[in-house]
Amino acid sequence: MQAAADTPVSDPALEPIRERVLAGERLSIDDGVALYRSRDIFTIGELANIVRERRHGRAAYYNINRHINYTNYCVLRCKFCSFYRSPDGRTGLTPLSNTGGYEYSLDEIVEIAAEAYANRATEVHIVGGLHPKLPFSFYTDVCRAIKQRCPGLHVKAFTAIEIIHFTRISKPRLSIEEVLIALKEAGLDSLPGGGAEIFDDRVHAEAFKAKVGEKHWFDVHRAAHNLGIPSNATMLYGHVETPEERIRHLVKLREHQDESLARLANSACRIVKEGGSETAGDSQFAVRQSRSAAFQCCIPLSFIPEGSALEHLPGPTGLDDLRTLAISRLMLDNIPHIKAFWIMQTPKLSQVALNWGVDDFDGTVVWYDITKREGRGTNRQELTVDQIRRLILEAGCVPVERDTLYRPVRRGGEQSSTGRTIPV
Ligand code: V47
């Protein structure tokens with residue numbers, strides 16, 4: 001879907017927005033709401049694609065990863081969630097889905113990570129419920145043991161909600177920063193974007209009342225960025241929130257990213273000055289060495305109602321998915337990547353979205369317990385590299401295997417960008 005700058009839009013309300021996008025200007029909350037109100041889905045997609053191509057050309061990223069959801073026991077009972085099992089057996093879930101609490105042992109987690117590593121994975125993505133009994137040392141042990149067994153594997157683990165939980169269970173009680181430092185020292189490399197849902201008090205009270213709110217979520221990501229730990233951000237859409245609330249959520253992410261990027265630029269300058277050299281190569285090195293970080297990508301997550309206490313809701317339609325991914329690309333002018341998580345948007349719609357603002361497909365996943373779109377039975381949910389590349393190629397994009405930090409991974413016995421030699 002190549003956008004020609006002089007194509008007339010069929011919804012006149014989008015004309016000023018189109019001009020702003022072409023001029024590279026930031027969109028306002030009103031612009032975002034107008035995009036949601038418009039039925040002109042093709043123009044929205046076309047504009048998002050302009051922004052996507054400006055940043056990434058035709059590249060579409062994927063990674064070889066393994067998601068590990070280490071437990072579904074959770075002290076919370078969020079209405080949108082069908083994953084949690086209450087330690088006391090009481091849930092708001094439908095009877096069919098309210099079966100089978102589980103937790104993996106340390107050895108089981110390390111075994112899964114080692115198997116993934118042997119199968120060429122560059123990342124494990126580890127998140128779970130807020131377990132009532134596991135001590136904080138369990139989580140540092142997980143990071144340490146994975147790094148010992150799989151030194152080149154990137155550990156992306158624990159949502160902001162889990163990090164806050166760790167501050168509460170640690171003895172003596174640790175601050176957010178202390179928890180992150182302990183995890184980083186043990187081997188944590190980055191934070192995933194989960195747990196953000198919708199940053200709004202009304203929605204919070206209606207759908208995930210007991211969960212910590214936006215202040216804590218941002219406190220964790222701010223602390224992570226200050227410590228040089230990169231992270232992602234999510235938005236869970238299609239439940240009880242309005243389009244305006246979605247746009248405000250995106251703008252809050254954008255404002256936070258402005259702050260993180262400003263700190264990143266400052267700390268890079270400081271390092272260059274201290275090093276006394278300002279050649280282009282050295283300043284790139286300084287950015288890599290800098291102790292600050294920022295959001296790498298935003299993942300709009302399509303709500304799956306089945307089995308949750310909000311099962312009566314219809315969930316987003318395909319057009320709502322496409323529109324939301326495209327609008328996220330248009331509103332988030334300072335977050336490099338927009339990911340369609342194919343587990344939630346489906347592989348087919350994620351493929352279409354590659355021409356609607358999305359540049360990242362997530363990865364092979366293999367096993368995913370938090371949500372499942374179709375059918376019951378096993379939670380094995382895997383796409384092979386060949387399947388992902390085929391979807392990307394057919395969308396007219398160029399498949400690029402990336403590591404978690406979006407560096408291209410070169411295979412065929414060559415050195416990868418992480419320094420690890422990766423077998424073919
Ligand atoms: O935090 C829970 C959401 C998130 C449902 O950082 C649901 O790269 C839809 O954050 N329907 C976990 N969504 C997943 C997540 C994620 C996924 C892929 C990549 C990355 C990344 C992060 O899933 C939870 C919650 O917001 N969720 N229940 C549901 N019924």
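Axes here are lines fitted to C-alpha atoms, for helices over the stretch in contact, and angles run from 0 to 180 degrees between N-to-C directions. The model on screen is a predicted one.

**Stop 1: the helix pair α6 and α7**

Select α6 (160-169) and α7 (176-186). Two packed helices are described by the angle between their axes and the distance between the axes. For α6 and α7, the axes come within 9 Å of each other and cross at roughly 100°. Angles of 65 to 115 degrees count as roughly perpendicular, and α6 and α7 are therefore roughly perpendicular to each other.

Now show the side chains where the two helices meet. On the α6 side, pick I163, I164, F166 and T167; on the α7 side, pick I176, V179, L180 and L183. Sorted by class, this contact of α6 with α7 holds seven nonpolar residues, one polar residue and no charged ones.

**Stop 2: the buried face of α7**

Keep α7 selected and colour its buried residues: I176, V179, L180, L183 and A186. Viewed down the axis of α7, these buried residues fall within an arc of 125°, so they line one face of the helix. Then step just past the end of α7 to G187, where phi is positive, at about 130°.

**Stop 3: the loop between α6 and α7**

Go back to the loop that joins the pair and select P172, which lies between α6 (160-169) and α7 (176-186). Include K171 as well: the peptide bond from K171 to P172 is cis, with omega near -5°. Most residues other than glycine have a negative phi, and most peptide bonds are trans.

**Stop 4: two residues with positive phi**

Select T346 in the loop between α13 (342-345) and α14 (347-353). Phi of T346 is near 75°, a positive value in a residue other than glycine. Is T346 buried or partly exposed? T346 has a relative accessible area of 23% and is partly exposed, because buried means under 20%.

Finish at V366, in strand β9 (residues 365-367). V366 is also a residue other than glycine with a positive phi, here near 80°. With a relative accessible area of 12%, V366 is buried.

Methods
Residues are numbered from 1 along each chain as its sequence is written. This is a predicted model: local features need pLDDT of at least 70, side-chain atom pairs count only at pLDDT 80 or more; totals for chains, interfaces and linings use all residues. Side-chain values use heavy atoms; hydrogens and water are left out. Helices (H or I, at least four residues) and strands (E, at least two) are DSSP runs, numbered from the N terminus. Buried means under 20% relative accessible area, exposed over 50%, partly exposed in between (1.4 Å probe, protein chains only). Angles under 35 degrees count as roughly parallel, over 145 as roughly antiparallel, 65 to 115 as roughly perpendicular and the rest as oblique. Contact means heavy atoms within 4.5 Å. Ala, Val, Leu, Ile, Met, Phe, Trp, Tyr, Cys and Pro count as nonpolar, Asp, Glu, Lys and Arg as charged, and the others, Gly among them, as polar. The arc is that of the directions from the helix axis to the C-beta atoms.
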